[in-house]
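Q: Please give a close account of a single part of this model. How is that part built, and how does it meet its neighbour?

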Amino acid sequence: MISKRMYPWLDERLGLSGIYKTVLDRMVPKVNWWFTLGSATLFLFALQVVTGIMLSAYYVPSPDKAYDSIQYIMNGVAFGWLIRGIHHWGATLMVITVFLHMLRVFFYAAYKYPREITWTTGVFLLLATLGMGFTGYLLPWDQKAYWATTVGTSIAGTVPGIGEFILRALRGGSDLSGVTLARFFSAHIWMFPAIIIALIGVHIYLVIRIGISSVPKEND
Amino acid sequence: MARSPNLSRRGFIMSVMTFAGSIMGIVVGLPVIGFLISPALNVTKSDAWVPVGKLDSYPVGVPTPFSFTRTKVNGWEKTVNSISVFVLRDATDKVRVFSSVCTHLGCRVTFHKDSNEFICPCHDAHFNKDGGVVSGPPPRPLDQYESKVENGALLIHVIQS
């Protein structure tokens, strides 16, 4: 607890109350529970980051160890089942909240002027979230993961003309292999998170700067 | 709305949120700590009598090396640990088996016949033939294994944690 004398000293130097006023005390119209889905998604993302970092302490992204390391997380490590369970279900839930959040914005027409860029970053955030789901799904390296990724990358391979190239780029070769596992792991823990964090920064900056839209009324 | 003389609505919500937040932090935080330190808490000890060859094959009075490997399952893989010992047999067939692990910081010592000493290359520790510290930083003499002879075969008691 920051003492009563400590706080003004810090506030004068860090501008804490300014941040508080801008971020949390900002004016909002009267809205409903559908407007909580963005915050819910942000919370789930934070949960995914924390549990994901924890899982990386034990998970090994190699074809001969990936499955065994997850068995160890589930059966050998204290609360491993819980951390992985939260990561697994948090991922599923996050896709749902992201999607409902998009539907809310769409049906309330909140994507219109002046919030086009908020919407655009949101679309890329949706795609990046799906990318996280797709790359994370391979990491357990069990039958379901293997064949789901075989099918998923094959779908990408049906693009006319450049399909074969996309397929090879995704798999790191013509077949699913240890190279695929390594690049999916890299995408899952470095590339997509970096993109998502950057986009969340822009997205939330715009939400704070422009403010949120109200529920449309009869004459809108 | 009438103001409560004791606790404002804002104050009430603040304390409820602080309380609920603390509970959530503990419920989430403790498993995370347990998850990370878990391997340090799972200590399994195993011991075995390992045969290290015929007693007669060891020369009298000279520490003679013998190496073997022990495997154990650690996490998601089998770890193969190489263990090497020095067997010192005296004229009355009494046997002492020294660990080659330097008692300073765990490097492996070798026996030098010219100086009749075990020497550790890491920090120049010297032990005499009986394992006692001659010079250098080691805090105690070389560790010894419990040993026994059965039907002419020498066995040592290896305890792994």
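**Chain A and its interface**

A: From the N terminus on, chain A runs α-α-α-α-α-α-α-α-α, a count of 9 helices and 0 strands; both are DSSP runs numbered from the N terminus, helices being H or I of at least four residues and strands E of at least two. The model is predicted, so local features need pLDDT of at least 70 and side-chain atom pairs pLDDT 80 or more, whereas totals for chains, interfaces and linings use all residues. Side-chain values use heavy atoms, without hydrogens and water; residues are numbered from 1 along each chain as its sequence is written, with chains lettered from A and ligands numbered from 1 in the order written.

Along its principal axes, the C-alpha atoms of chain A fill a box of roughly 55 × 50 × 30 Å. Of its 220 residues, 32% are buried, that is, under 20% relative accessible area (1.4 Å probe, protein chains only). Among contacts (heavy atoms within 4.5 Å) with a separation of 6 or more in chain A, 67% join residues 24 or more positions apart.

Chain A meets chain B through 17 of its own residues, in contact with 11 of chain B. The two chains bury about 1,400 Å² between them, 76% of it on carbon and sulfur atoms; this is the accessible area (1.4 Å probe) lost on being put together, summed over both parts. On the chain B side, Pro31(B), Phe35(B) and Trp76(B) lose the most area to chain A, together 54% of what that side buries. Across this interface, 0 salt bridges are found, the rule requiring a side-chain nitrogen of Lys or Arg within 4 Å of a carboxyl oxygen of Asp or Glu.

Terms used
Buried means under 20% relative accessible area, exposed over 50%, partly exposed in between (1.4 Å probe, protein chains only).
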